[in-house]
Amino acid sequence: MSTPQPLVDQFQRRITYLRLSVTDRCDLRCSYCMPERMSFLPRKDVLTLDEMHDLALGFIARGITKLRLTGGEPLVRRDMIELVRALGRRIGADDGQGHLEELTLTTNGTRLAEFAEDLAAAGVRRINVSLDTLDRDSFARLTRRDSLPQVLEGLAAAKAAGLKVKLNTVALKGINEHEIAEIVAWAHGQGFEATLIEVMPLGEVEEDRFDHYLPLVAVQEDLARRWTLTPSGHRTGGPARYWDVAETGGRLGLITPLTNNFCEGCNRIRVTATGQLYACLGGNERVDLRAALRSADPQAALSEALDTAMRIKPARHAFAIDARGAAPALARHMSMTGG
């Protein structure tokens with residue numbers, strides 16, 4: 001029996017990082033992410049948790065060592081913790097079928113208080129929590145839900161469970177730019193890392209993203225006037241570049257899909273809850289893994305589909321927000337692709 005080949009794209013980038021969406025559903029409605037009346041997928045179109053597990057094992061056998069579970073909001077999926085437990089058994093496995101070095105997830109934190117201990121027990125050691133404001137009224141306006149107390153409770157539970165936390169904050173002109181330094185300082189005071197992200201033009205929303213697009217070069221310059229920022233060699237396998245902040249003692253990450261393209265070293269692929277593999281977040285190149293899983297010979301079909309994905313992965317994305325009223329770069333929302 002031949003050994004499965006590692007995933008290497010046409011630009012000789014080794015793909016070791018999978019972001020797997022378990023649902024497109026979310027219990028928040030962040031204004032820059034989706035419309036208030038969002039249409040979610042019919043449940044019949046979504047992969048079962050068993051299919052997601054089989055899919056993940058196929059990726060792990062091909063050299064995926066880091067797996068991030070995403071959504072939507074992954075913790076709203078019923079019995080999702082069972083998938084986490086099953087995948088956690090692949091951490092450090094030594095049976096010739098591949099292994100995970102890290103299993104993690106991105107969450108909005110609303111249900112962390114319920115699941116933090118279970119996540120830690122299953123082998124999760126680090127999580128990303130999306131949080132764009134510490135002001136309750138601003139949170140309610142931005143997410144269209146008054147859920148900040150639940151998020152803060154969830155963060156406290158994650159900390160108590162021993163999970164390392166990184167706060168992800170989308171920088172938004174006219175919305176939260178005045179409190180970015182406060183969010184970073186608060187995160188570092190809690191022992192969390194903080195990462196700032198430029199808003200991405202994915203899917204139609206009620207507002208014009210051009211009005212709220214805040215280049216992180218401007219944010220970095222502002223923070224550098226307050227604090228001493230020193231470039232860090234820290235890497236997590238994701239797109240962030242890091243700085244150490246002397247005054248807070250913490251680490252700051254910047255993800256800049258618009259002002260500083262980071263695609264040259266891309267090691268990531270994404271799979272939606274319906275089993276569509278997108279070779280690039282900013283592209284439409286995709287492969288139908290659900291069809292492969294449900295074929296007569298799933299293992300062979302999945303292997304062929306992954307080979308196809310490596311051939312179609314583009315060199316870089318083409319995100320841009322350069323004019324008011326411009327259509328989003330892609331029609332699909334971030335919640336559908338997975339964060």
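Me: Which residues of helix 1 meet helix 2, and how should I read such a contact?
Reply: Contact means heavy atoms within 4.5 Å, and helices (H or I, at least four residues) and strands (E, at least two) are DSSP runs, numbered from the N terminus. In this predicted model, Leu49, Met52, His53 and Ala56 of helix 1 meet Met80, Leu83, Ala86 and Leu87 of helix 2. The residues of this contact of helix 1 with helix 2 divide into seven nonpolar, one polar and no charged, where Ala, Val, Leu, Ile, Met, Phe, Trp, Tyr, Cys and Pro count as nonpolar, Asp, Glu, Lys and Arg as charged, and the others, Gly among them, as polar.

Me: What should I know about the model before going further?
Reply: Residues are numbered from 1 along each chain as its sequence is written, and side-chain values use heavy atoms, with hydrogens and water left out. The model is predicted, and local features need pLDDT of at least 70, side-chain atom pairs count only at pLDDT 80 or more, while totals for chains, interfaces and linings use all residues.

Me: At what angle do helix 1 and helix 2 pack, and how far apart are their axes?
Reply: Axes are lines fitted to C-alpha atoms, for helices over the stretch in contact, and angles run from 0 to 180 degrees between N-to-C directions. Helix 1 (residues 49-61) and helix 2 (residues 80-88) pack at about 25 degrees, and their axes are 10 Å apart. The two helices are therefore roughly parallel to each other, given that angles under 35 degrees count as roughly parallel, over 145 as roughly antiparallel, 65 to 115 as roughly perpendicular and the rest as oblique.

Me: Is the crossing of helix 1 and helix 2 left-handed or right-handed?
Reply: A crossing is left-handed if the near helix is turned anticlockwise from the far one by less than a right angle, and right-handed if clockwise. For helix 1 and helix 2 the crossing is right-handed.

Me: How do helix 3 and helix 5 pack?
Reply: Helix 3 (residues 112-121) and helix 5 (residues 148-160) pack at an angle of about 15 degrees, with 8 Å between their axes, and they are therefore roughly parallel to each other. Their contact is made by Leu112, Ala113 and Ala116 of helix 3 together with Glu153, Gly154, Leu155, Ala157 and Ala158 of helix 5; these residues divide into six nonpolar, one polar and one charged.

Me: Where does UniProt list a binding site that includes Cys26, and is Cys26 buried or exposed?
Reply: UniProt positions are given in the numbering used here, feature names are shortened, and annotations may be inferred rather than shown by experiment. An unreviewed UniProt entry lists Cys26, Cys30 and Cys33 under "binding site". Cys26 lies in the loop between strand 1 (17-21) and helix 1, and with a relative accessible area of 17% Cys26 is buried, a term that means under 20% relative accessible area, with exposed over 50% and partly exposed in between (1.4 Å probe, protein chains only). Not counting residues up to four places away in sequence, Cys26 touches Met34, Phe40, Gly72, Glu73 and Asn108.

Me: What does Cys266 touch, and where is Cys266 found?
Reply: The unreviewed UniProt entry also lists Cys263, Cys266 and Cys280 under "binding site". Cys266 is found in the loop between strand 9 (250-255) and strand 10 (268-271), counts as buried at 10% relative accessibility, and, leaving aside its neighbours within four places in sequence, is in contact with Arg13, Ile15 and Lys313.
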